[in-house]
Amino acid sequence: MKNLRWGLLAAGTIAAEFAAGVEESKHGVLEAVAARSGDRAAEFASRFEIPKCYGSYEDLLADPDVDAIYISTPHPLHGEWAIRAAEAGKHILCEKPLTVSISEAEKVIEAARVNDVFLMEAFMYRLHPQIRRLAELISCGAIGEVRAVDVAFSYNFAVPRLTDPALGGGGIFDVGCYCTSLARLVSQAATGQDAVEPEEVLGMARLDENGVDEVAFGLLRLPGGILAQLACGFQLTQDDHIRVYGSQGQLYVPKPAWIHEMRKPKTSPIILTPEGGEPEVIEVEATQGLFAREADHVATHLADRQAPELTWAETLANLRTLERWRAAVAR
């Protein structure tokens, strides 16, 4: 497999994490970076020894030496630049959420289809061995019939984009999307279905003066009769976790793959407690950093145009769930 030459569209914090991942990957190289400021792009390029830097996104898309674009702009800009990247013939890895509406997501997917390019939403946690092992344990019946799942992802600090409705602010789109994705994955593993959607979505939130959800809780009724309890926010101190409850036991992940310390190669535990039995610690080893794994996953599935864990149908199903959750808390 030849190296996939990456262009980074935006030069923020998450772009830096991805750039470091590409450096560690087996099949990726950093070819170019673009930012709204030429100075910012130059500083970023110097930091990662990227050969080209641009002060405009248009110049990046026009570079013939760039094969794939990693998009990490604020959420409302994802759709526009994903479509323009597709029209430029570039493969696309776009940070979550793919867009801030279903209608726009459908346009992005159609652009990828028409222009015959790869497109994946960057839910890197789904590729972690920890999450794959969790799904295997559920599907093989390790805790019997799955009854409920409890997922939490939050932090207690605000950055300007999170408090601005025009920038897609709020905890649901920023971190709640991981909660909906994981809860739906549990249902998929338990039922053998793909891209499941909840039958019912309820929610409550603490809204700021701009109507942005600082703290949000959700309840989902999922296929298989599974109930999901979700908690997220950017003004909330709690321990991130995953708990899955079944008729014959439970699974507990104290350090989900999305938290920062799990993004580097290391071993993580899944705790299996059978009904009436003693807890068993299942150690799951990750030998590759999460962003390096993500970059290689794109390279591996480039010819398929979709990634198996993160298909276009999966992206749409999760976004529809997020829209329903946001609508529920806005009432």
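Which residues does leucine 182 touch, not counting residues up to four places away in sequence? In this predicted model, where local features need pLDDT of at least 70, side-chain atom pairs count only at pLDDT 80 or more, while totals for chains, interfaces and linings use all residues. Residues are numbered from 1 along each chain as its sequence is written, and side-chain values use heavy atoms, with hydrogens and water left out.

With contact taken as heavy atoms within 4.5 Å, leucine 182 touches Tyr125, Ile131, Leu134, Val149, Val151, Ile242 and Trp258. Leu182, together with Trp6 and Phe44, touches the most other members of the largest nonpolar core, which holds 113 residues. Such a core is a set of buried Ala, Val, Leu, Ile, Met, Phe, Trp, Tyr and Cys residues joined through side-chain atoms within 4.5 Å, buried meaning under 20% relative accessible area with a 1.4 Å probe and protein chains only. Helix α7 (residues 171–191) gives the most to this core, with 11 residues; helices (H or I, at least four residues) and strands (E, at least two) are DSSP runs, numbered from the N terminus. Because domain 1 (4–122) and domain 2 (125–329) both contribute residues, the core lies between them, the domain bounds coming from an automatic or database domain assignment.

An open sheet of 6 strands shows parallel pairing in the order β3-β2-β1-β4-β5-β6, where two strands pair if DSSP finds at least two bridges between them. The edge strands, β3 (52–54) and β6 (119–122), each pair on one side only. Strand β4 (residues 68–71) runs parallel to β5 (residues 91–95) and is joined to it by 4 bridges, with histidine 91 in β5 as the bridge partner of alanine 68.

Key: Buried means under 20% relative accessible area, exposed over 50%, partly exposed in between (1.4 Å probe, protein chains only).
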